[in-house]
Amino acid sequence: MSASEVELDGEKLKGIRDTGLDDATLHGYLSKTWKTPDGLYGWLATVDHKRIAHRYVVTAFLFLVLAGISALVMRFQLASPEAGRVGPDLYNQLFTMHGTTMMFLFAVPMMEGFAIYLVPLMIGSRNVAFPRLNAFSYWVYVSGGLMIWVAFAFNTGADAGWFSYVPLAGPEYGTGKRPDFWAQMVTYTEVSALAVAVEIIATVFKQRAPGMTLDRMPIYVWSALVMAFIILFAMPAVMVSSTMLILDRLVGTQFFNPASGGDVLLWQHLFWFFGHPEVYIIFIPATGFVSAILPAFVRRPVFGYLGIVLSLIGIGLLSFGLWVHHMFATGLPQLGESFFTASSMMIAIPSGIQIFCWIATIWGGRPALAVPFLFVLGFIVTFVIGGLTGVMVASVPLDLQVHDTYFVVAHLHYVLMGGAVFPLLGAVYYWFPKITGRMLGEQLGKWNFWLVFIGFNATFFPMHILGLQGMPRRVYTYPLESGWGGTNLFVSLCSLALAAGFGVLFLNVVLSLRRGRLAGDNPWGASTLEWATTSPPPSYNFPRIPVVDHREPLWKNAEVLPVAEGLRIDAREVMVGTVADAVPQIRQPSADNSIWPFLAAIAVGVAFLASIYTPWAVVWGSLPVAVTFIGWFWPQAIPEDEE
Amino acid sequence: MKHRAVANISRLPTYDFGASTPMWWGTLAFIALEATGFALAIGAYLYLASVSPQWPIAAPPPDLFPGTAILVVLIISVVPNHMVEQWARRQDLAKVRVGMIVMSAVGFLPLLLRIWEFAALEIRWDQNAYGSIIWFIVGLHTTHLLTDVGDTVVLAVLMFTDKGNTGRRFSDVADNAFYWDFVVASWVVLYFVIYWFPRM
């Protein structure tokens, strides 16, 4: 049968379908339909989730390098007491840029990038639900990041800490434009993150392969879904607060001015209502990495699927009830403090359930000590230490004692690096073969792991002691008589080992891209759908849409994949199904490449940037924004409209 | 991997209405995040009121007329809004065209009234925190009105082109009606906070 004549029960169907086609013909049609054009235009106009995710991850790593260099410069200054290598003004900018970059420009976009790459592949779809929104989100993110770093290069780097407290960041003390760049960077990155959250929710709810009921969904996809929901309800808080901040600074509103009925703690409430869930936006998908990596290396499904899923949802909900524990030192009513102490300790319960489920998984399996698995073990050790100090600082008396000291710096790095960066590095080693088609070097990987693991612990563990000895955070130097010099020198030297660990990672990536071992489709013998396609996957992800009848589809069907036929292949279509049971409902047309999201991001970016200097930019800036959005949504003459 | 066909989805439609479609869920997600923004703005309002010895600060409660007029217009607009949605679901192009013109006009009305509303707040945004927060809330809602009216006008124009008479476009019209309900519902809540809380 030729490709163009598809009949079903005697009825001729519109368009060309994949029904009964041989693999070569199918590939020919699909690769033409889902192609990204060559050259600059294609690069700017692509809506392929894999290419966009790839950009997210590479860009986030570049920001990690910038943040890492600023940390090393700080350690260089702190290596000896009363050093004069970095002055207080630059130091303030460095720690602010470090924290801001790590949280807003590295951790969240990195987790989103992985989700954008993995979710459609893991659920057996061809793209995310809103491909152009996805493209738009990347361009907005990267322009926000560039803006704040260019401002830093011109000595206008934000300098009021990554949480930009008022009144320090307000109009009275935050002179110049430094806090404005910070506030607008937040607007860019939050617009971007919210866009990604919306598309992940719609993609997971509606585009899962037939048969992938919610209780067959990979745990990683659950974690991406919970992350998206936390973003949805947390990020508006920081957008509201940073907008209020910039309005106070630019047009004279009085939100945070106590002399005119405003209140500085309003900032802290709004910021931490976002800021605490932010930690879980980063941590939740990292636990998803762990639950995805573990089964492949212990050769058994994760123990306690339901328990882990409920824990993820529980952590997501509880994360909104903890924000006040960042404000114990502000003199809040004691009853309120007790409530937030209890809720802060409560979140240790679902986190603990997950840890025990992973231990049970390892216990009941046959572990193979490959590099991704090493990072999982490193994560469990480090995160447990960070969790324990977390329970400690949840207690008000102890928190007051160590507030604003290096104890808190140690704690937050243990939970964030231990809880998120270790699983992330495991994820890089685990999915690199899928993304590039080549394995990362195992030997360099082990160097990478041990340098990062030892370097990390040797750098950050002594900070607990420095904090207990009273060394405050965010000071550019300390007196000789304090006796902190030796420990600080040790910390600074060990931070070089940690940096070297990341250097080895980048070296490994560069070498492996050229001459890494070819991976094949499923080098780890894993069970989820992304391993059912080639490495790297084709532009259309799957030649035919998989049908799922088991929680570990590739372990149940190791040789032959059950698939659904009937999608058009001469036009971009994805399968849309019911939310709970993924019963097919619609052959949904999927957006083609377009330059408009890029142009819209430029229009939005220019309006945001100009609004730092004049509020009228919001007015005249809305015109190009409107034009580009109309261009974006104006329907093309797509074949689906014929039906 | 080898493939074995076990299902055929050839006969599925290429569009549907409401919760079947990803676009409806995307719209709901945007509504959820924007509603969170409104809720936080209300939270900020109540927080500032709770820390201030008097509320409103150095101003009378806002004049009821323009805000109430907007409330009435918006509540009445729900009727044509749902008629358009029903016509869209029935794919009745002629009626949808008329309905979209009506909804575009209905959308401009509260925007016009809002010009008076800002004056009727009886305080400037930069006088004190009370002025700041009510301008912020009304401004936030105005942004929603503006974007949805813009969206409605573009869709109305589209319905008069050759791209109008397709199932997907009717589905867009239905989603647009869904979002308008949110713009109306959010004003009902915000109206009571801005106009009646200071009078309690």
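**Entry 1. Helix pair in chain B**

I began with helix α2 (residues 64-89) and helix α3 (residues 93-120) of chain B, which pack at an angle of about 165° with their axes 9 Å apart. I took axes as lines fitted to C-alpha atoms, for helices over the stretch in contact, with angles from 0 to 180 degrees between N-to-C directions. α2(B) and α3(B) are therefore roughly antiparallel to each other; the cut-offs are under 35 degrees for roughly parallel, over 145 for roughly antiparallel, 65 to 115 for roughly perpendicular, and oblique for the rest. I noted a left-handed crossing for α2(B) and α3(B), meaning that the near helix is turned anticlockwise from the far one by less than a right angle (clockwise would be right-handed). The contact of α2(B) with α3(B) has 21 nonpolar, four polar and three charged residues. I counted Ala, Val, Leu, Ile, Met, Phe, Trp, Tyr, Cys and Pro as nonpolar, Asp, Glu, Lys and Arg as charged, and the others, Gly among them, as polar.

**Entry 2. Source and numbering**

This is a predicted model, in which local features need pLDDT of at least 70 and side-chain atom pairs count only at pLDDT 80 or more, while totals for chains, interfaces and linings use all residues. Residues are numbered from 1 along each chain as its sequence is written, and chains are lettered from A and ligands numbered from 1 in the order in which they are written.

**Entry 3. Chain B overall**

I found five helices and one strand in chain B, in the sequence pattern β-α-α-α-α-α. Helices (H or I, at least four residues) and strands (E, at least two) are DSSP runs numbered from the N terminus.

**Entry 4. Contact with chain A**

I looked up the interface: 47 residues of chain B are in contact with 59 residues of chain A (C-beta atoms, placed from the backbone, within 7 Å). On the chain B side, α1(B) gives the largest share, 15 residues. By class, that side has 26 nonpolar, 14 polar and seven charged residues.

I then checked the strands. Strand β4 (residues 560-565) of chain A runs parallel to β1(B), joined by six bridges; pairing needs at least two DSSP bridges. A:Leu561 stands opposite B:His3.

Conventions:
Two residues are in contact if their C-beta atoms, placed from the backbone, lie within 7 Å.
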